[in-house]
Amino acid sequence: MKESGRKQGAASPCAACKLLRRRCAQDCVFAPYFPADEPQKFANVHKVFGASNVNKMLQELPVHQRGDAVSSIVYEANARVRDPVYGCVGAISSLQQQIDTLQTQLALTQAEVVHLRVRQTASFPHGFCPTSPSNSGSPTFKLMGSQTMPIFDMDMVVD
């Protein structure tokens, strides 16, 4: 049976107590969130925030919110280890720049599609356009519905 992230009666300390070289009490606030088999997780948190500060933060939170808080603290600590100046704000900024670039590319591609549709429509006599059924649906729907293949593929990898 598991209790507080450790086997009951086991002498194995959590990653926090192991790093801090202290005995892991039965009611250790770190044990449920920093298991012994993930020492680097607490090492980064301790390096960035300090064990005492994290202990105080967790003690002030209701138990049901501590898991989410630890997840956020670990994410920020790992981001700070990778980028000491900007932390996760640097990652967010980079993703925002990617979004801006992709939105610009999308707008240019959409404008090019509209331009090609106008040229195609202008090259046929009045009343005849092979790509659009007779006045059914919106022009945007017709434009989007006529595309069968994506213009470009993109894969986004986030740490």
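Arg21 lies in the loop that runs between helix 1 (15–20) and helix 2 (39–49), where helices (H or I, at least four residues) and strands (E, at least two) are DSSP runs numbered from the N terminus. Arg21 is exposed, with a relative accessible area of 78%; here buried means under 20% relative accessible area, exposed over 50%, and partly exposed in between, with a 1.4 Å probe and protein chains only. Although Arg21 is not a glycine, its phi is positive, at about 55°. Most residues other than glycine have a negative phi.

The model described here is predicted, so that local features need pLDDT of at least 70 and side-chain atom pairs count only at pLDDT 80 or more, while totals for chains, interfaces and linings use all residues. Residues are numbered from 1 along each chain as its sequence is written, and side-chain values use heavy atoms, with hydrogens and water left out.

Seen as a whole, the protein has six helices and two strands, and from the N terminus on its elements follow the order β-β-α-α-α-α-α-α. Of its 159 residues, 19% are buried. The accessible surface comes to about 11700 Å², with 57% of it belonging to carbon and sulfur atoms; such areas come from the Shrake-Rupley method with a 1.4 Å probe, and for residues only the protein chains shown count as cover. Among contacts (heavy atoms within 4.5 Å) between residues at least 6 apart in sequence, 46% join residues at least 24 apart.

Helix 4 holds Glu76, a residue that is buried, with a relative accessible area of 17%. Leaving aside residues up to four places away in sequence, Glu76 touches Phe49, Gly87 and Cys88. The side chain of Glu76 also meets that of Arg80 in a salt bridge, at 2.8 Å from N to O, a term that stands for a side-chain nitrogen of Lys or Arg within 4 Å of a carboxyl oxygen of Asp or Glu. Because Glu76 and Arg80 are four residues apart in helix 4, about one helical turn separates them. Arg80, for its part, is partly exposed, with a relative accessible area of 28%.

By this rule there are two salt bridges, and one of them is formed by Glu38 with Lys41, whose closest N and O atoms are 3.6 Å apart. Glu38 is partly exposed at a relative accessible area of 35%, and Lys41 is likewise partly exposed, at 26%.

Together with Tyr86 and Val89, Val85 forms a nonpolar patch on the surface, with about 330 Å² of accessible area for the three residues. Patches are made of residues with over 30% relative accessible area and no salt bridge, like charges being joined within 9 Å and nonpolar side chains (Val, Leu, Ile, Met, Phe, Trp, Tyr) within 5 Å.

Helix 5 has 35 residues and reaches 51 Å from its first C-alpha to its last, close to the 51 Å expected at 1.5 Å a residue, the expected span being 1.5 Å times one less than the number of residues. Within helix 5, Cys88, Thr109 and Val113 are buried.

Aromatic rings remain to be described. Phe30, Phe34 and Phe42 are linked into a cluster by ring pairs, and the count of aromatic pairs comes to three. Rings of Phe, Tyr and Trp (its six-membered ring) pair if their centres lie within 6.5 Å, and planes under 30 degrees apart count as stacked, over 60 as edge-to-face and the rest as tilted.
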